[in-house]
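Subject: Structure handover

Hello,

Here is the structure for you to look through. My notes on it follow.

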Amino acid sequence: MDIDRPSDPQVSVVSSDGTMFHTTLKSILLSGTIKDMIEHIGEGGVENMGAIPLQNVDSKTLEIVIKWIEHHKDNIQPTSEEIKDKTADFIDPWDENFLEMDLDKLYNLITAANYLNIPQLLWLSTRKIAMLIKNRTPQEIRSLFNIEDDWTPQEIEAVQKENQWCEEK
Amino acid sequence: MTDNIINNLPDEVFLEIFNYFNGKSLKSLMFVCKRWAEIISGHASSMKKLPVNMKKLLLDYNGNISHNFHTLNIEHINIFNHDLHDYLLISLGRSVQCLNISYCVINANHLKSLLENLIHLNELAITKSRISDDPIIEKVNENEFKIKKFKVTHINNNILKYLNNIQVSEMEIIDANNYKINHEYLIEFILRQKSMRSLIVEELNNNVNSLFLTNDLKHATFRLKKFTGLFCTNLTRHEFFNENLISFLNVHANSLETLKITGSSLSPNTYKFSISHLSNLYMLELNPNSIPQENSFYKNLPKNTNLKVFHIESTITRTNINGVLQIIRHYSNISNLMFFDTDEFISNDLFYAISHELKFLLNLSVLNFNKNFIPTHKIQILNSFSIKILNDIDQFLNFITLNNTLEKINVGWIKRDFGEEIVEKIITQPRLQYIKFGGRFIANKRIYEVISRDYKNLRTLELVVNNYDDIKNLKFIFPLDRNNFIPKCLYFEEFNDREPLND
């Protein structure tokens, strides 16, 4: 199948809760998972392909993902290898703005980006979480992300003891 | 979506997140909750990415991997895995000469392979790190390889066991006992050495006898060829220590040039042995409180003329001066003497002995002059004098006027300001070529005028300024070269990055 054709055919995807979204081939190919699916499509090609079901992504999240991939469809996406070497310094302001969302949405976005295999989006969204964690104490992190503290003081002491050899004096 | 807590995210996503942090931060993140701790400790070895700090280290400004790393520091990484290992080898390969590993858990095979492949490695330091538990030791290439300096600090016991094919020429073991270094491995390691020249041991407390021979090691085997320097500090006195040290010294008596045993006391026998048998000794550093004081002890000792450098580690007092004086008599060729402090009753006696016994003394370094000290005896050919703290200017002036052979003077800190007539006296010393002063006084403009007008042979003026305002003044008076005074070098410590001020 020729995925580099200049025209950009319409593709439909369906969220886990049954909502259908229309987007373009170029956009949807940013997802490694969908790219794999499409590349293995047999006769008939993309034009005749039905809507792609995405069991693990709900409609709210899919809408966000589609917004992102449509914005980035013409940008050259870094490979996972390139992302590996990326330092956390340079972020497109559009992306920065795009990621201004509440934590629930962000978790869903991360899960979706992971499932759909969109390396750049996964990188951006996990970076967002990492930035929130950075320079915070464990207690602050727990209250920020609403995590239950399941350590007992005795356990903490044991872990600290175990790690003592590498603590700074 | 019903359940929207962060901990519903899969492990692989957490790994993505945790990859932004270095080992030290990860340790703190372990205390957020057990899930995080499990991911960090359990999956640590399968993390695909390098910690961000490693990446920053390895990337130069263009974002490319630099192949010209001279020194590589690996810190806070408890995921010393295959990827990191390969990455280091591929990207750094042959350029690294110094490798510092600290706060790491290392797989023995990776460490060995890394060391063997960094073929230009010259210095290795391992600090507060350990070999990961139960490593499966593969038979990797067992060729011996050499590094020059090897330093271990606070390491967990078994690293040395796995480094059985390294040959080092200088080894330093610091505070090993604190982290229960296994002395068996240490001894074995040292015994394997064929060309170790220097061994520095600090603060070994228990089992120190095993370092200096045990019953099950034959004396003859504990011989290091070309071994020239032993430095021990804070060795707690141990039953076998002196005995073992003597046998060690005995084996190396003909090669040992440097002996430094500080912070611990030697038995009279050990001491006697070191000053009578170590015929090649060039440098000796001792605690005066640990040496015998009775004259009888020194009576039949043969003179030793090889020793040139003698450092006295702690305050010379009425109770230990006799030993010091005896040593000075014994080693009459000392050219370089350094002592810290003297008590007020003995400083004149000490200087008398120095001027009468040490005919070849060129360099003298003291902490300060005692207030009772009156310079009356010239040290014959004294060339260089260094005093850390200067209290009394007249006393100092008398001393340098008396010792008119001085070419170099180094004053660490001058307590009080002094005026032009004193500067004049200092710089008109006939042979003085070099002065270094520290303290605030040098901002004084007049002093420059005096120096530029009256200096004789002065070639180098080195100033250590500790006050920003002083620099201002210095700048103001600086065009000294107009008056033909051209300082060879002029240092302003700590202020090199300040903007130059206009006149």
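A contact here means heavy atoms within 4.5 Å. On that basis, among contacts in chain A between residues at least 6 apart in sequence, 63% join residues at least 24 apart.

Some background first. This is a predicted model, in which local features need pLDDT of at least 70 and side-chain atom pairs count only at pLDDT 80 or more, while totals for chains, interfaces and linings use all residues. Residues are numbered from 1 along each chain as its sequence is written, chains are lettered from A and ligands numbered from 1 in the order in which they are written, and side-chain values use heavy atoms, with hydrogens and water left out.

Chain A

Chain A contains 9 helices and 3 strands; these are DSSP runs numbered from the N terminus, helices being H or I with at least four residues and strands E with at least two. Their order along the sequence is β-β-α-α-β-α-α-α-α-α-α-α. Chain A has 169 residues, and 44% of them count as buried (buried is under 20% relative accessible area, exposed over 50%, partly exposed in between, with a 1.4 Å probe and protein chains only).

A:Asp150

A:Asp150 sits in the loop between helix H8 (138–145) and helix H9 (153–162) of chain A. Its relative accessible area is 32%, so A:Asp150 is partly exposed. Not counting residues up to four places away in sequence, A:Asp150 touches A:Glu155 and, in chain B, B:Cys33 and B:Lys34. A polar atom of the A:Asp150 side chain lies 2.9 Å from the backbone nitrogen of B:Lys34.

B:Ile354

In chain B, B:Ile354 belongs to helix H14 (residues 347–357). B:Ile354 counts as buried because its relative accessibility is 0%. Leaving aside neighbours within four places in sequence, B:Ile354 is in contact with B:Ile328, B:Leu337, B:Phe339, B:Leu361 and B:Ile379.

B:Leu362

B:Leu362 lies in the loop between H14 and strand S14 (363–366) of chain B. At 34% relative accessibility, B:Leu362 is partly exposed.

Regards

Note on methods
Polar contact = N/O pair within 3.5 Å; in protein donor to acceptor, adjacent residues only side chain to side chain.
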